[in-house]
Every structure is written in structure tokens, then in C-alpha cells.
Amino acid sequence: MPPQNSAHAPPFRVAMAGVVGRLIRCWCRRAVAGSLKVPALQLHVSKTAMGASQKDFENAMNQVKLLKEDPGNEVKLKLYALYKQATEGPCNTPKPGVFDLINKAKWEAWNALGSLPKETARQNYVDLVSGLSSSSDSSSQAKPEADRKQAEYETVVMTSEDGITKIMLNRPAKKNALTEQMYQEIMLALEAASKDDSTITVLTGNGDYYSSGNDLTNFTNIPPEGVEAKAKNSAILLRNFVGSFIDFPKPLVAVVNGPAVGISVTVLGLFDLVYATDRATFHTPFSHLGQTPEGCSSYTFPKIMGPAKAAEMLIFGKKLTAGEAYAQGLVTEVFPDSTFQKEVWTRLKAYSKLPQNALRISKQIIRSQEKEKLHAVNAKESSILQERWLSSECMNAIMNFFSQKAKL
Ligand SMILES: CCCC/C=C/CC(=O)SCCNC(=O)CCNC(=O)[C@H](O)C(C)(C)COP(=O)(O)OP(=O)(O)OC[C@H]1O[C@@H](n2cnc3c(N)ncnc32)[C@H](O)[C@@H]1OP(=O)(O)O
């Protein structure tokens, strides 16, 4: 490799990477078409691949043949390496020369497995193929699968198109206020989106509101075990709900189509992009409701907008316009309402074509810096709220909303 300080180093590396990429793509295309016998893609089973999962291993090799989608160069190299390791053990051949690019890439993938036991390599091969098969199945049957999933949701609409999974809050008549069922369905939808083949996941609202936050009727439905049990269960629900945003592994985008209140605002600090119509407002009236911040906002908001502005929102309940929220860093970009949907979806469709793994890994590396901290904050906020919900301040505020329809 040329020295780091060589003026030619970056172009050289770029050029070589391009050549390697083209050659591997070519090798992979031919391998999939069956014109080039690559061991990982052959049907015959090596005699050395013995043991309990021999049958699984054979099945996995057959499944590779049947994949409906090209799994990509990286995966094919991994399959090749695992196959070699499973059948021949640690890499035992001399490293191919610098210009033998394809064989060098294959050798490096195999050699990188070091002394991984054959049995483990065989199992890893089977696991890798099984993951590929299920994602290939679900993408090849995208429509029926999406329909089947949708039947399970009553309060959200989940759709997948152009590499984007959209989760739309769907109680427009109630300003998309979040019922307990809705929290559960959003968590389920996020779980499904984290595993589907989309690149980006979007949360948005149907109708004129993004969301009016927690549905206040959640607090009126007291179980026979009493209010303490209700508060405890609500705190568990809250913690799980926010946790699913903290742990979400792919780029997550909020398309804020209108006003946002309470928890629908606070979790925005856990999104990767927040696009807002200029009609949107951002309101966290916790003190007015006798409540306290959640959604990790006690940590994310001061970090995003500085302590003074965060206090104005979270302690004093100042409602922000979209422009103010943008100026304070909570919102990525504001669009005129008349062109909002068109501009946002055009942008997202372009982003969804970027390399999927690079996006996901970049998101994860950013999140990993503070994941533990966020979970700790979430736990603390939830437990404080559990107490708050039992306070007379909170109970009075909720009664006021329903008796006098006290609006925020
Ligand atoms: C278990 C986890 C707990 C997590 C805790 C989170 C904390 C929070 O999220 S705090 C924020 C709670 N949200 C509110 O306090 C908002 C209350 N709603 C309002 O102030 C107003 O409805 C509005 C300003 C959002 C909209 O006012 P507008 O005049 O435009 O519309 P309305 O006629 O009031 O609303 C239509 C319809 O929807 C019902 N509704 C709206 N928001 C809620 C809500 N958050 N909870 C329950 N119901 C809500 C409203 O009552 C109307 O219903 P009817 O048509 O049946 O009268």
C-alpha cells in the first residue's frame, strides 16, 4: 500500500477500491448465474462438513441457490469464507498476489475467520442464510405481508414503499392522541420496521395534527387493583415505549405534519431527522398538567438547545413555532405547508437509495455513544412520573380537561 502521506494515496485507494468492487460484482453475478463455481454456492457437500447440523448446512447451501435477491458482495464473501472454514478449517493457502483481486478478497475474508471452529462456522453459515432467506421471502412478498401486518393494527397505518417504512398515527378525530393500544401498536410497528428490508423508517400523523400526546383518557381507566397499579403499569408502558425509540437500529425520521404535544415532542430528541411543516408547533405543557418531562427530554433537550431554552419548554411549557424549533435545533428543516409532503418524500426517497448498511451502522455508532445514558434517563423519568400521576396536581389537571375541556 502506498505511504499515507503520498499525494497519490487517496486516488490510488479509490481507484483500487473501484476496481475490486467491479471485479467482485462481476464474480458475484457470474456465481449467482451458476457460470462460475464458487464453493459457497455449490450444491455438493464437502465430506469434511460432518456433524449434527450437516443437514442444515446442506439445506442452507440449497437455499443460497434459491435466493430471489442478490445479497450483495459483502454477504457473498462472508458466505464463501464461512463455507471454507466449515469445510476446510482455518485458511491454509498462500495469500494471492496483489493483482489477483478477486481471489485476494476471498482469501482475506476466509483468513479473517482465524481459528473459528468448523462447527461454529457451519452454524454461522446456516444462520446467515436463514436471515437472508427470511428477508428475501418477506421482500418478495412485500404486499401480502404488509397487508397481513396492517390487519393487526387499528390505530396506526403501516406501509412500505421505495425503501421507506411509514408508520402513520391514525386517530385524526382525536388529534392522534396516544391511547395505550396505540403505544403498543407503535412499538410493534417499530419492531417490524427494524426487521424489514426498508432503509428508513418514518413516523407521521394522519390529519391536521402530528399528535396531541398522551390520550388523557388513559388516566381515567382505573383497574380494580387501584390507581397505584395504574400508575405503575403506565410507567412500565412509558419506559418500554421510549426504550423502543432509544434502541431503534435504523435511521428514524419524524415527518411532523402539524402540531405536536407532550410525548410526541419529547421523543423527537431520539429521531435522526425531524422534518416539520411550518404549521407545526411544539408544546410540552408538563407543569400545566402536574407532570414532568419524559421521552429522555430532560437529557436530550438541554443537549440539543441548551439549558435555558430547554427549561423554557420543559419547565414553563413554552410552545414553539416550527421556526423556533428549527432555530433551537430540535427540528432539522421546516417546509411550507403547501409543499411539505412533496418536498419531504422526495428528499426521503433519495436518502433511501443510499447504501443501507452504511446508514444503519452510522446511526448505531452515533447512538451507541450514549445508549446506556438514555436508558438510565428513561428509567428515572418514568419512575418520577409514576409518582406524579398520583399527585392531586396531575389528577386535577386531567379532570379539568374532561370537565371544562380546558385546552392547552
Ligand atoms: C402511558 C404513557 C404516558 C406518557 C405521558 C405523556 C405526557 C403527555 O403527552 S402530556 C400531553 C397530553 N396532551 C394534552 O394535554 C392535550 C389535550 N388536548 C388539547 O388540549 C386539545 O384537544 C388540543 C389543543 C390538542 C386540540 O384542540 P382542538 O380544539 O383543536 O381540538 P379538540 O376539539 O380539543 O380535539 C378533538 C377531539 O380530540 C380529543 N383529544 C385531543 N387531544 C386529546 C388528548 N391528548 N387526550 C384525549 N383526548 C384528546 C378532544 O377531547 C376532542 O374529543 P371530542 O371530539 O370527543 O370532544
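This is a predicted model: local features need pLDDT of at least 70, side-chain atom pairs count only at pLDDT 80 or more; totals for chains, interfaces and linings use all residues.
Reader: What makes E1 and E2 a pair of strands?

Author: Strands (E, at least two residues) and helices (H or I, at least four) are DSSP runs, numbered from the N terminus. Two strands pair if DSSP finds at least two bridges between them. Strand E1 (residues 156-161) and strand E2 (residues 164-169) are joined by 6 bridges and run antiparallel. Among the partners, Val 157 is bridged to Met 168 in E2. The hairpin of E1 and E2 has 2 residues between the strands, and Asp 162 there takes a positive phi near 55°.

Reader: Why are strand E5 and strand E8 said to stand at the edges?

Author: The sheet is open, with 3 strands in the order E5-E7-E8 and mixed pairing. Strand E5 (260-261) and strand E8 (320-321) each have a single partner strand, so one side of each is left without a neighbour in the sheet. Strand E7 (residues 281-283) is joined to E8 by 2 bridges, and these strands run antiparallel. One of the bridge partners is Leu 320 in E8, which faces Phe 282 in that pairing.

Reader: Why is helix H4 called mostly covered?

Author: Buried means under 20% relative accessible area, exposed over 50%, and partly exposed in between (1.4 Å probe, protein chains only). In helix H4 (residues 101-111), 8 of its 11 residues are buried. The buried residues of H4 include Leu 101, Ile 102, Trp 107 and Trp 110.

Reader: What makes Tyr 183 and Phe 241 an edge-to-face pair?

Author: Rings of Phe, Tyr and Trp (its six-membered ring) pair if their centres lie within 6.5 Å; planes under 30 degrees apart count as stacked, over 60 as edge-to-face and the rest as tilted. By this rule the count comes to 9 aromatic pairs. For Tyr 183 and Phe 241 the values are 4.8 Å centre to centre and 80° between the planes, hence edge-to-face. Tyr 183 lies in helix H7 (residues 180-195) and Phe 241 in helix H8 (residues 227-246), so the pair ties together parts that are 58 residues apart in sequence. Tyr 183 counts as buried because its relative accessibility is 6%; Phe 241, at a relative accessible area of 3%, is buried as well.

Reader: How do you know that Tyr 275 and Phe 335 are also edge-to-face?

Author: Their rings are 5.4 Å apart centre to centre, with 90° between the planes. Tyr 275 is in strand E6 (residues 273-277) and Phe 335 in strand E9 (residues 333-335), so this pair ties together parts that are 60 residues apart in sequence. Both Tyr 275 and Phe 335 are buried.

Reader: What makes a set of residues a nonpolar core?

Author: The set must be buried Ala, Val, Leu, Ile, Met, Phe, Trp, Tyr and Cys residues joined through side-chain atoms within 4.5 Å. The largest such core has 59 residues, and those with the most contacts inside it include Ile 186, Val 242 and Phe 282. A second, separate core of 15 residues includes Ala 60, Ala 121, Val 126 and Val 129.

Reader: How do you know which residues Val 242 touches?

Author: Contact means heavy atoms within 4.5 Å. Not counting residues up to four places away in sequence, Val 242 touches Ile 263, Val 267, Leu 270, Gly 295, Cys 296 and Asn 378.

Definitions and conventions. Residues are numbered from 1 along each chain as its sequence is written. Side-chain values use heavy atoms; hydrogens and water are left out.
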